[in-house]
Amino acid sequence: IRSKELDLEQFTMQDHLSQEMGPLAALAVGLLRFDVGDYSAAIEHFTSALESAPTSPGIADRLILYRCRAAAYFSAALYDAAIRDDTEILRLQPDDLLALANRGFAYLSKHQYEFASADFEAVLRARPDWSDIYLAQGMTVLLSGRQRVGMDLIDEALSAAFSKNDL
């Protein structure tokens with residue numbers, strides 16, 4: 001009886017591993033395609049990984065897959081799709097500042113300055129030391145027509161970056 005229990009346990013582990021390998025392989029190929037600038041193929045592989053990934057956390061964590069696909073969408077200038085994936089990351093993990101910042105950059109790329117500004121402000125409330133986001137917020141405000149406020153934010157970003165030796 002003990003042998004059958006071990007066999008069942010091993011089968012369960014092997015089954016779980018084989019389910020994970022599908023999304024993991026698709027993720028690996030997607031990353032390779034992304035690395036060479038083939039964003040449409042990367043998107044296809046990340047989408048395949050998402051479709052075959054289990055909903056529970058594991059090797060092919062859905063947040064990672066959404067983040068990779070959002071980056072590929074953004075790199076392919078498919079900003080609406082990038083915004084959707086970043087929004088899904090935020091639905092799954094509301095305090096994900098990287099997804100919030102990335103969504104802000106996608107909004108900025110679409111010239112949707114109010115949405116970009118709102119995302120950047122939320123990031124800066126949680127991480128006031130993130131000088132790149134201060135700079136992005138300054139550019140967003142500047143492009144939206146509020147030159148004085150935008151220049152002040154850019155000055156603040158540069159001062160913070162100099163003080164941390166980020167430049």
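This is a predicted model: local features need pLDDT of at least 70, side-chain atom pairs count only at pLDDT 80 or more; totals for chains, interfaces and linings use all residues.

## How to read this model

Helices (H or I, at least four residues) and strands (E, at least two) are DSSP runs, numbered from the N terminus.

Residues are numbered from 1 along each chain as its sequence is written, and side-chain values use heavy atoms, with hydrogens and water left out.

## The overall picture

The protein chain has eight helices and zero strands, so its elements, read from the N terminus on, run α-α-α-α-α-α-α-α. Buried means under 20% relative accessible area, exposed over 50%, and partly exposed in between (1.4 Å probe, protein chains only). Buried residues account for 37% of the 167 residues in the protein chain.

Contact means heavy atoms within 4.5 Å. Among contacts in the protein chain between residues at least 6 apart in sequence, 42% join residues at least 24 apart. Back at L24, this residue is partly exposed, with a relative accessible area of 27%. The C-alpha atoms of L24 and A53 are separated by 8.3 Å, and the two residues are 29 apart along the chain.

## The nonpolar core

A nonpolar core is a set of buried Ala, Val, Leu, Ile, Met, Phe, Trp, Tyr and Cys residues joined through side-chain atoms within 4.5 Å. The largest one here holds 37 residues, of which F46, L65, F120, V123 and I133 touch the most other members. At least two residues of this core come from each of helix 1 (2-35), helix 2 (39-52), helix 3 (62-75), helix 4 (79-92), helix 5, helix 6, helix 7 (131-143) and helix 8 (147-163). In soluble globular proteins, nonpolar side chains tend to be buried together.

## Helix 3 with helix 4

Axes are lines fitted to C-alpha atoms, for helices over the stretch in contact, and angles run from 0 to 180 degrees between N-to-C directions. Helix 3 and helix 4 pack at about 160 degrees, with their axes 8 Å apart. That makes helix 3 roughly antiparallel to helix 4 (angles under 35 degrees count as roughly parallel, over 145 as roughly antiparallel, 65 to 115 as roughly perpendicular and the rest as oblique).

Where do the two helices meet? Residues of helix 3 including L63, Y66 and F74 meet residues of helix 4, among them Y79, I89 and L92. In the loop between helix 3 and helix 4 sits A77, whose phi is near 65 degrees, a positive value in a residue other than glycine. Most residues other than glycine have a negative phi. A77 counts as partly exposed, at 43% relative accessibility.

## Helix 5 with helix 6

Helix 5 (residues 97-109) and helix 6 (residues 113-126) pack at an angle of about 155 degrees, and their axes are 8 Å apart. Helix 5 and helix 6 are therefore roughly antiparallel to each other. Among the residues making the contact are L100, R103 and Y107 of helix 5 and D119, F120 and V123 of helix 6.

Leaving aside neighbours within four places in sequence, D119 is in contact with L100, R103, G104 and Y107. H111 lies in the loop between helix 5 and helix 6 and is exposed, with a relative accessible area of 55%. The phi of H111 is near 65 degrees, a positive value in a residue other than glycine.
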